[in-house]
Amino acid sequence: MVSATIDLLKKELPVEEDSLVLSKDVKTGLVLVDVVNGFCSVGAGNLAPVKPDKQISYMVKESARLAKLFCGEKWPVFAFLDSHHPDIPEPPYPPHCIAGTDEARLVPDLQWLENEANATLKCKDCIDGFLGSVEKDGSNVFVDWVKKNQIKAILVVGICTDICVLDFVCSTLSARNRRMLTPLEDVIVYSGACATFDLPVHVAKDINGALAHPQDLMHHIGLYIAKGRGARIVSEVSFAAL
């Protein structure tokens with residue numbers, strides 16, 4: 001039933017994807033959204049996968065590959081880390097990614113970024129990383145990163161496609177359109193390096209207050225909405241001879 005629904009959805013709401021070839025001609029920054037243990041590592045917390053998940057595993061693999069390539073070329077990397085105070089809930093979600101715990105750390109394949117001079121790490125306590133980048137003095141860490149590095153395009157990867165990735169992409173596009181992110185022009189989402197969680201309807205109905213969240217369906221919807229807001233969606237990313 002779910003498979004048939006997804007096929008129908010993709011037919012009625014197609015997402016056109018193309019390929020991205022990165023080169024030094026366009027200053028591009030990599031943005032990693034919440035590739036942390038609490039969302040990606042099996043059994044790591046309330047919102048972590050309960051068993052190995054193919055979509056999430058591939059997202060982590062591709063995110064790590066891109067991070068290595070970007071840092072190898074000294075291209076800017078920005079990583080959001082979901083991080084919450086234990087006494088401040090984030091409805092409708094259960095406690096997760098509590099600050100100072102392993103849940104709030106990058107996955108093992110990306111923890112080297114903690115000591116990487118080329119990377120900017122930002123802990124955020126809300127779904128939308130753009131809003132989560134606002135400091136007490138009104139400045140915005142992400143905006144400053146774009147301007148400091150004179151970034152013209154960002155490549156966005158991470159989890160969840162339809163939640164944190166989507167909210168960040170939509171806010172960034174709105175900020176770009178208001179000329180708050182000059183010289184940023186393009187917001188690019190790499191579908192293969194994004195993932196979301198799977199909560200089938202037969203499982204959700206036994207969890208008080210839970211909404212069904214079929215993985216492939218919601219992943220597609222997230223990409224569709226992002227494209228509708230003005231993001232470019234790509235299915236593969238490669239590097240020109242550098």
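Author: Lys124 counts as buried because its relative accessibility is 1%, where buried means under 20% relative accessible area, exposed over 50% and partly exposed in between, with a 1.4 Å probe and protein chains only. The model is predicted: local features need pLDDT of at least 70, side-chain atom pairs count only at pLDDT 80 or more, and totals for chains, interfaces and linings use all residues. Residues are numbered from 1 along each chain as its sequence is written, and side-chain values use heavy atoms, with hydrogens and water left out.

The side chain of Lys124 makes polar contacts with two aspartate side chains, that of Asp34 at 2.9 Å and that of Asp82 at 3.1 Å. A polar contact is a pair of N or O atoms within 3.5 Å; within protein, one must be able to donate a hydrogen and the other to accept it, and residues adjacent in sequence count only if both atoms are side-chain atoms. Leaving aside residues up to four places away in sequence, Lys124 also touches Phe80, Leu81, Ser83, Gly129, Gly132 and Cys164, among others; contact here means heavy atoms within 4.5 Å.

Helix 6 (residues 164-177) lies across strands 2, 3, 4, 5 and 6, running at about 160° to strand 5 (153-159). Such angles run from 0 to 180 degrees between N-to-C directions, with axes fitted as lines to C-alpha atoms, for helices over the stretch in contact.

Lys124 itself is found in strand 4 (residues 119-124). Helices (H or I, at least four residues) and strands (E, at least two) are DSSP runs, numbered from the N terminus. Seven strands form an open sheet with parallel pairing, in the order 1-7-6-5-2-3-4. Strand 4 is an edge strand, as is strand 1 (18-22), each pairing on one side only; two strands pair if DSSP finds at least two bridges between them. Neighbouring strands of this sheet are turned by 35° against each other on average, direction ignored.

Further into the order, strand 2 (residues 28-33) and strand 3 (residues 77-82) pair in the parallel sense over four bridges. Val33 stands opposite Phe80 of strand 3, and Phe80 is among the residues that Lys124 touches.
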